[in-house]
Amino acid sequence: MRMIMLIGLILGIVGGSAQPAMPQGAKSAISLENAWARRAPAMAPGAPGGHGAMAGGDGGNGAVYVTIVNRGTSADALVSATTDAAKTVELHETVQEGGVMKMRPLRRFEVPGGGRLEMKPGGHHIMLMGLTRDLKPGDTVSVTLTFDQGGRMTLAAPVR
Amino acid sequence: MLLVCIAPAWAASPKFRSGVLDPPRPAPDIVLRAHDGTDFRLSRYRGDVVAIAFGYTFCPDVCPTTLAELAQVRARLGPVAKRLRVVFVTVDPERDSPERLRVYTQAFDRTFIGLTGSPEQLAAVQKSYGVVAKKQAVPGTAAAYLVDHSAFVYVVDAEGRLRLMVPFGTSMVDMTHDISLLLGR
(Lines give C-alpha, C1' and ligand atoms only; values in the text may rest on other atoms or scores of the structure.)
Protein backbone atom coordinates (compact mmCIF):
# COMPACT_ATOMS: atom_id res chain seq x y z
CA MET A 1 0.00 0.00 0.00
CA ARG A 2 2.78 2.37 0.93
CA MET A 3 4.42 1.54 -2.39
CA ILE A 4 1.22 2.36 -4.28
CA MET A 5 0.89 5.64 -2.44
CA LEU A 6 4.50 6.46 -3.17
CA ILE A 7 4.03 5.71 -6.85
CA GLY A 8 0.92 7.87 -6.85
CA LEU A 9 2.90 10.67 -5.26
CA ILE A 10 5.65 10.43 -7.83
CA LEU A 11 3.25 10.22 -10.73
CA GLY A 12 1.33 13.17 -9.38
CA ILE A 13 4.44 15.31 -9.23
CA VAL A 14 6.10 14.13 -12.42
CA GLY A 15 2.85 14.25 -14.34
CA GLY A 16 2.21 17.79 -13.20
CA SER A 17 -1.31 16.76 -12.30
CA ALA A 18 -3.78 19.49 -11.47
CA GLN A 19 -4.88 17.43 -8.50
CA PRO A 20 -2.82 17.74 -5.36
CA ALA A 21 -0.99 14.45 -5.03
CA MET A 22 -1.98 12.77 -1.78
CA PRO A 23 -1.77 15.75 0.53
CA GLN A 24 -2.98 13.64 3.40
CA GLY A 25 -0.47 10.80 3.51
CA ALA A 26 -0.28 9.36 6.98
CA LYS A 27 -2.61 11.91 8.55
CA SER A 28 -5.60 11.29 6.29
CA ALA A 29 -8.86 11.04 8.15
CA ILE A 30 -10.20 8.69 5.49
CA SER A 31 -9.54 4.99 5.41
CA LEU A 32 -10.90 2.23 3.22
CA GLU A 33 -12.09 -1.21 4.30
CA ASN A 34 -13.37 -4.38 2.68
CA ALA A 35 -12.88 -3.46 -0.95
CA TRP A 36 -14.07 -6.05 -3.45
CA ALA A 37 -15.31 -6.25 -7.00
CA ARG A 38 -18.05 -8.38 -8.51
CA ARG A 39 -16.96 -10.77 -11.21
CA ALA A 40 -17.98 -9.50 -14.63
CA PRO A 41 -17.20 -10.31 -18.25
CA ALA A 42 -15.71 -7.63 -20.51
CA MET A 43 -18.12 -8.81 -23.21
CA ALA A 44 -15.82 -7.99 -26.15
CA PRO A 45 -12.69 -10.10 -25.71
CA GLY A 46 -9.80 -8.99 -27.85
CA ALA A 47 -11.73 -6.12 -29.34
CA PRO A 48 -10.83 -2.91 -27.52
CA GLY A 49 -12.54 -0.89 -30.21
CA GLY A 50 -15.82 -2.52 -29.32
CA HIS A 51 -16.17 -4.34 -32.62
CA GLY A 52 -16.65 -8.03 -33.07
CA ALA A 53 -19.18 -10.56 -31.97
CA MET A 54 -20.95 -8.35 -29.45
CA ALA A 55 -23.90 -6.74 -31.10
CA GLY A 56 -25.24 -3.92 -29.00
CA GLY A 57 -21.98 -1.99 -28.88
CA ASP A 58 -21.47 -1.56 -25.17
CA GLY A 59 -18.79 -3.46 -23.32
CA GLY A 60 -19.38 -5.17 -20.04
CA ASN A 61 -19.93 -3.33 -16.79
CA GLY A 62 -18.81 -4.08 -13.28
CA ALA A 63 -19.14 -2.87 -9.73
CA VAL A 64 -16.65 -2.21 -6.94
CA TYR A 65 -17.70 -2.01 -3.30
CA VAL A 66 -15.73 -0.52 -0.41
CA THR A 67 -16.44 0.94 3.01
CA ILE A 68 -15.18 4.49 3.48
CA VAL A 69 -14.41 5.39 7.08
CA ASN A 70 -14.03 9.04 8.04
CA ARG A 71 -12.25 9.43 11.38
CA GLY A 72 -12.03 13.19 11.01
CA THR A 73 -14.44 15.67 12.52
CA SER A 74 -15.56 17.24 9.27
CA ALA A 75 -17.52 15.73 6.43
CA ASP A 76 -15.81 14.56 3.27
CA ALA A 77 -17.09 13.07 0.06
CA LEU A 78 -15.98 10.69 -2.65
CA VAL A 79 -16.26 12.74 -5.83
CA SER A 80 -14.76 10.54 -8.52
CA ALA A 81 -12.94 7.31 -9.26
CA THR A 82 -10.73 5.96 -12.02
CA THR A 83 -9.40 2.56 -12.98
CA ASP A 84 -7.52 1.05 -15.89
CA ALA A 85 -10.07 -1.78 -15.90
CA ALA A 86 -12.86 0.34 -17.42
CA LYS A 87 -13.36 3.17 -19.85
CA THR A 88 -15.66 5.13 -17.57
CA VAL A 89 -16.29 5.09 -13.84
CA GLU A 90 -19.40 6.50 -12.20
CA LEU A 91 -20.75 6.68 -8.67
CA HIS A 92 -24.11 4.95 -8.50
CA GLU A 93 -26.75 4.09 -5.99
CA THR A 94 -29.43 1.43 -6.32
CA VAL A 95 -32.62 2.29 -4.53
CA GLN A 96 -35.61 0.05 -4.05
CA GLU A 97 -39.05 1.55 -4.53
CA GLY A 98 -42.06 -0.71 -4.23
CA GLY A 99 -40.06 -3.81 -5.09
CA VAL A 100 -38.47 -2.15 -8.13
CA MET A 101 -34.71 -1.66 -8.17
CA LYS A 102 -33.59 1.65 -9.66
CA MET A 103 -29.97 2.50 -10.32
CA ARG A 104 -29.11 6.20 -10.29
CA PRO A 105 -25.86 8.16 -10.67
CA LEU A 106 -24.78 10.37 -7.79
CA ARG A 107 -22.36 13.28 -8.05
CA ARG A 108 -20.74 12.40 -4.76
CA PHE A 109 -20.90 9.93 -1.88
CA GLU A 110 -21.01 11.95 1.34
CA VAL A 111 -19.21 10.59 4.40
CA PRO A 112 -20.01 12.50 7.58
CA GLY A 113 -17.27 13.29 10.09
CA GLY A 114 -16.89 10.34 12.43
CA GLY A 115 -19.08 8.31 10.07
CA ARG A 116 -18.82 5.73 7.37
CA LEU A 117 -20.29 4.86 4.03
CA GLU A 118 -20.69 1.18 3.36
CA MET A 119 -21.09 0.32 -0.31
CA LYS A 120 -22.89 -2.96 -0.94
CA PRO A 121 -24.97 -4.81 -3.53
CA GLY A 122 -28.32 -3.11 -3.91
CA GLY A 123 -26.93 0.14 -2.50
CA HIS A 124 -24.04 2.50 -3.21
CA HIS A 125 -21.45 1.17 -5.65
CA ILE A 126 -18.67 2.31 -7.93
CA MET A 127 -19.84 1.43 -11.42
CA LEU A 128 -17.21 0.42 -13.97
CA MET A 129 -18.54 1.01 -17.47
CA GLY A 130 -16.97 -0.53 -20.53
CA LEU A 131 -14.64 -3.06 -18.91
CA THR A 132 -11.28 -3.36 -20.62
CA ARG A 133 -10.78 -6.90 -19.31
CA ASP A 134 -12.73 -9.70 -17.68
CA LEU A 135 -13.00 -9.43 -13.92
CA LYS A 136 -12.54 -13.01 -12.72
CA PRO A 137 -12.39 -14.40 -9.21
CA GLY A 138 -8.76 -14.25 -8.12
CA ASP A 139 -8.07 -11.06 -10.07
CA THR A 140 -7.54 -7.69 -8.42
CA VAL A 141 -8.88 -4.36 -9.63
CA SER A 142 -7.00 -1.19 -8.75
CA VAL A 143 -9.23 1.87 -8.33
CA THR A 144 -8.11 5.39 -7.45
CA LEU A 145 -10.63 7.39 -5.46
CA THR A 146 -10.62 11.17 -5.30
CA PHE A 147 -12.10 12.82 -2.23
CA ASP A 148 -13.33 16.37 -1.93
CA GLN A 149 -11.06 17.05 1.07
CA GLY A 150 -8.89 14.01 1.50
CA GLY A 151 -7.05 13.86 -1.81
CA ARG A 152 -6.61 10.57 -3.59
CA MET A 153 -6.37 7.01 -2.40
CA THR A 154 -5.85 3.84 -4.38
CA LEU A 155 -7.51 0.60 -3.40
CA ALA A 156 -6.97 -2.95 -4.57
CA ALA A 157 -10.26 -4.79 -4.86
CA PRO A 158 -10.16 -8.59 -5.07
CA VAL A 159 -12.69 -9.97 -7.52
CA ARG A 160 -15.20 -12.48 -6.20
CA MET B 1 -50.83 -7.73 -7.82
CA LEU B 2 -48.65 -10.72 -7.09
CA LEU B 3 -47.44 -9.04 -3.95
CA VAL B 4 -50.85 -9.55 -2.41
CA CYS B 5 -50.38 -13.29 -2.67
CA ILE B 6 -47.15 -13.43 -0.71
CA ALA B 7 -47.76 -14.69 2.74
CA PRO B 8 -45.12 -14.56 5.43
CA ALA B 9 -43.31 -17.87 5.57
CA TRP B 10 -44.68 -18.72 9.01
CA ALA B 11 -48.27 -18.27 7.88
CA ALA B 12 -48.16 -20.23 4.65
CA SER B 13 -45.80 -23.00 5.53
CA PRO B 14 -43.57 -23.25 8.54
CA LYS B 15 -40.87 -24.79 6.43
CA PHE B 16 -40.01 -22.08 3.94
CA ARG B 17 -38.04 -18.99 4.92
CA SER B 18 -38.37 -16.70 1.91
CA GLY B 19 -41.34 -15.38 -0.08
CA VAL B 20 -43.83 -18.21 -0.34
CA LEU B 21 -46.70 -18.20 -2.82
CA ASP B 22 -49.69 -19.73 -1.15
CA PRO B 23 -51.57 -21.41 -2.56
CA PRO B 24 -49.10 -22.42 -5.25
CA ARG B 25 -50.36 -21.80 -8.78
CA PRO B 26 -49.30 -23.18 -12.11
CA ALA B 27 -46.24 -21.29 -13.33
CA PRO B 28 -47.10 -19.37 -16.49
CA ASP B 29 -45.26 -21.03 -19.35
CA ILE B 30 -42.23 -19.27 -20.78
CA VAL B 31 -41.46 -19.81 -24.45
CA LEU B 32 -38.39 -17.85 -25.51
CA ARG B 33 -35.08 -18.13 -27.32
CA ALA B 34 -32.13 -19.46 -25.34
CA HIS B 35 -28.70 -17.83 -25.66
CA ASP B 36 -27.48 -20.77 -27.77
CA GLY B 37 -30.25 -20.18 -30.29
CA THR B 38 -32.42 -23.11 -29.22
CA ASP B 39 -36.07 -22.80 -28.23
CA PHE B 40 -36.69 -22.71 -24.51
CA ARG B 41 -39.97 -23.88 -23.03
CA LEU B 42 -40.36 -23.83 -19.24
CA SER B 43 -43.00 -26.59 -19.26
CA ARG B 44 -40.38 -29.00 -20.62
CA TYR B 45 -38.54 -28.86 -17.30
CA ARG B 46 -41.03 -30.82 -15.18
CA GLY B 47 -39.06 -32.85 -12.68
CA ASP B 48 -36.56 -30.04 -12.21
CA VAL B 49 -36.74 -26.96 -10.03
CA VAL B 50 -36.37 -23.79 -12.08
CA ALA B 51 -35.23 -20.45 -10.68
CA ILE B 52 -36.16 -17.52 -12.92
CA ALA B 53 -34.40 -14.17 -12.64
CA PHE B 54 -35.16 -11.09 -14.73
CA GLY B 55 -32.47 -8.53 -15.55
CA TYR B 56 -30.10 -7.17 -18.16
CA THR B 57 -26.43 -7.56 -18.96
CA PHE B 58 -25.71 -3.82 -18.67
CA CYS B 59 -26.66 -4.06 -14.99
CA PRO B 60 -23.54 -4.19 -12.74
CA ASP B 61 -25.09 -4.33 -9.29
CA VAL B 62 -28.41 -6.08 -8.72
CA CYS B 63 -28.40 -8.63 -11.58
CA PRO B 64 -24.87 -9.95 -11.04
CA THR B 65 -25.59 -10.18 -7.33
CA THR B 66 -28.63 -12.33 -8.02
CA LEU B 67 -26.75 -14.56 -10.47
CA ALA B 68 -23.71 -14.87 -8.20
CA GLU B 69 -25.98 -15.89 -5.34
CA LEU B 70 -27.77 -18.48 -7.45
CA ALA B 71 -24.38 -19.84 -8.52
CA GLN B 72 -23.44 -20.14 -4.85
CA VAL B 73 -26.74 -21.85 -4.07
CA ARG B 74 -25.95 -24.44 -6.75
CA ALA B 75 -22.48 -24.92 -5.28
CA ARG B 76 -23.92 -25.42 -1.80
CA LEU B 77 -26.53 -27.91 -2.97
CA GLY B 78 -23.95 -30.44 -4.11
CA PRO B 79 -24.95 -33.25 -6.51
CA VAL B 80 -28.68 -32.43 -6.33
CA ALA B 81 -27.88 -29.08 -7.97
CA LYS B 82 -28.15 -30.79 -11.34
CA ARG B 83 -31.92 -30.67 -10.87
CA LEU B 84 -31.88 -26.90 -10.36
CA ARG B 85 -32.14 -24.90 -13.57
CA VAL B 86 -31.41 -21.20 -13.52
CA VAL B 87 -32.72 -18.97 -16.29
CA PHE B 88 -32.05 -15.26 -16.77
CA VAL B 89 -34.73 -13.47 -18.77
CA THR B 90 -33.63 -10.19 -20.29
CA VAL B 91 -35.61 -7.01 -19.68
CA ASP B 92 -33.45 -5.27 -22.31
CA PRO B 93 -33.83 -7.11 -25.64
CA GLU B 94 -32.56 -4.04 -27.50
CA ARG B 95 -29.03 -4.44 -26.12
CA ASP B 96 -29.01 -8.05 -24.95
CA SER B 97 -28.12 -10.15 -27.96
CA PRO B 98 -28.02 -13.93 -27.43
CA GLU B 99 -24.23 -13.65 -27.50
CA ARG B 100 -24.14 -11.03 -24.73
CA LEU B 101 -26.54 -13.16 -22.69
CA ARG B 102 -24.32 -16.18 -23.21
CA VAL B 103 -21.13 -14.45 -22.09
CA TYR B 104 -22.85 -12.80 -19.15
CA THR B 105 -24.63 -15.86 -17.76
CA GLN B 106 -21.66 -18.17 -18.33
CA ALA B 107 -19.44 -15.88 -16.26
CA PHE B 108 -21.46 -17.03 -13.25
CA ASP B 109 -22.31 -20.66 -13.97
CA ARG B 110 -21.95 -22.80 -17.06
CA THR B 111 -25.43 -24.24 -16.58
CA PHE B 112 -27.27 -20.91 -16.55
CA ILE B 113 -29.48 -20.13 -19.53
CA GLY B 114 -29.98 -16.59 -20.85
CA LEU B 115 -33.35 -15.99 -22.52
CA THR B 116 -34.52 -13.39 -24.97
CA GLY B 117 -37.30 -12.92 -27.48
CA SER B 118 -39.27 -10.24 -29.23
CA PRO B 119 -40.26 -7.23 -27.12
CA GLU B 120 -43.87 -8.49 -27.31
CA GLN B 121 -42.96 -11.99 -26.11
CA LEU B 122 -40.87 -10.59 -23.25
CA ALA B 123 -43.59 -8.15 -22.23
CA ALA B 124 -46.06 -11.03 -22.07
CA VAL B 125 -43.73 -13.07 -19.85
CA GLN B 126 -43.15 -10.07 -17.58
CA LYS B 127 -46.88 -9.51 -17.28
CA SER B 128 -47.63 -13.14 -16.48
CA TYR B 129 -45.07 -13.08 -13.65
CA GLY B 130 -45.95 -9.60 -12.40
CA VAL B 131 -42.51 -8.27 -13.29
CA VAL B 132 -42.12 -4.53 -13.65
CA ALA B 133 -39.43 -3.33 -16.08
CA LYS B 134 -39.14 0.21 -17.30
CA LYS B 135 -36.52 1.75 -19.57
CA GLN B 136 -35.28 5.08 -18.20
CA ALA B 137 -33.12 7.75 -19.77
CA VAL B 138 -31.20 8.94 -16.72
CA PRO B 139 -29.31 12.24 -16.66
CA GLY B 140 -25.81 12.22 -15.19
CA THR B 141 -24.68 8.87 -16.58
CA ALA B 142 -22.82 7.82 -19.71
CA ALA B 143 -25.35 5.00 -20.07
CA ALA B 144 -27.81 5.62 -22.89
CA TYR B 145 -30.50 4.27 -20.61
CA LEU B 146 -31.01 2.11 -17.57
CA VAL B 147 -33.81 -0.34 -16.88
CA ASP B 148 -35.65 -0.15 -13.57
CA HIS B 149 -36.89 -3.60 -12.75
CA SER B 150 -38.27 -5.76 -9.98
CA ALA B 151 -35.68 -8.17 -8.66
CA PHE B 152 -37.44 -11.24 -7.30
CA VAL B 153 -36.23 -14.73 -8.11
CA TYR B 154 -39.23 -16.88 -9.06
CA VAL B 155 -38.89 -20.53 -8.19
CA VAL B 156 -40.94 -23.22 -9.92
CA ASP B 157 -41.18 -26.68 -8.39
CA ALA B 158 -40.84 -30.06 -10.11
CA GLU B 159 -44.60 -30.14 -10.76
CA GLY B 160 -44.48 -26.84 -12.60
CA ARG B 161 -46.02 -24.80 -9.81
CA LEU B 162 -44.78 -21.35 -8.88
CA ARG B 163 -43.79 -21.72 -5.24
CA LEU B 164 -41.41 -18.93 -4.22
CA MET B 165 -40.84 -15.28 -4.96
CA VAL B 166 -37.50 -14.64 -3.33
CA PRO B 167 -36.87 -10.94 -2.59
CA PHE B 168 -33.52 -9.31 -3.34
CA GLY B 169 -31.37 -9.40 -0.24
CA THR B 170 -32.59 -12.81 1.00
CA SER B 171 -29.70 -14.60 2.71
CA MET B 172 -27.88 -17.34 0.88
CA VAL B 173 -28.63 -19.75 3.71
CA ASP B 174 -32.38 -19.15 3.45
CA MET B 175 -32.41 -19.35 -0.33
CA THR B 176 -30.45 -22.61 -0.30
CA HIS B 177 -32.72 -23.96 2.41
CA ASP B 178 -35.92 -23.22 0.48
CA ILE B 179 -34.65 -24.48 -2.85
CA SER B 180 -33.38 -27.69 -1.31
CA LEU B 181 -36.83 -28.26 0.21
CA LEU B 182 -38.31 -27.98 -3.28
CA LEU B 183 -35.68 -30.40 -4.55
CA GLY B 184 -37.00 -32.88 -2.02
CA ARG B 185 -34.00 -33.02 0.21
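Residues are numbered from 1 along each chain as its sequence is written, and chains are lettered from A and ligands numbered from 1 in the order in which they are written. Since this is a predicted model, local features need pLDDT of at least 70 and side-chain atom pairs count only at pLDDT 80 or more, while totals for chains, interfaces and linings use all residues.

I turn to the interface. Strands here are DSSP runs of E with at least two residues, and helices are runs of H or I with at least four, numbered from the N terminus. Ala, Val, Leu, Ile, Met, Phe, Trp, Tyr, Cys and Pro count as nonpolar, Asp, Glu, Lys and Arg as charged, and the others, Gly among them, as polar.

β5(A) is also joined by two bridges to strand β9 (residues 146–150) of chain B, and the two run antiparallel. Two strands pair if DSSP finds at least two bridges between them. In this pairing, A:Val100 stands opposite B:Ser150.

Next, a residue of chain B. Where does B:Ala143 lie? B:Ala143 is in the loop between β8 (133–136) and β9 of chain B. B:Ala143 is buried because 20 other C-beta atoms lie within 10 Å; the term requires 20 or more, exposed means 12 or fewer, and partly exposed lies in between, with C-beta atoms placed from the backbone. Leaving aside neighbours within four places in sequence, B:Ala143 is in contact with A:Met129, B:Phe58 and B:Val138.

Within chain A, an open sheet of four strands has the order β6-β3-β9-β10, with antiparallel pairing. The edge strands, each pairing on one side only, are β6 (109–111) and β10 (151–158) of chain A. Three bridges join β3 (residues 76–83) of chain A to β6(A), where A:Glu110 is the bridge partner of A:Ala77.

Finally, in chain B, residues of helix α3(B) meet residues of helix α6(B): B:Glu69 and B:Gln72 are among those in α3(B), and B:Met172 and B:Met175 among those in α6(B). By class, this contact has five nonpolar, three polar and two charged residues.

How values were computed. Contact = placed C-beta atoms within 7 Å.
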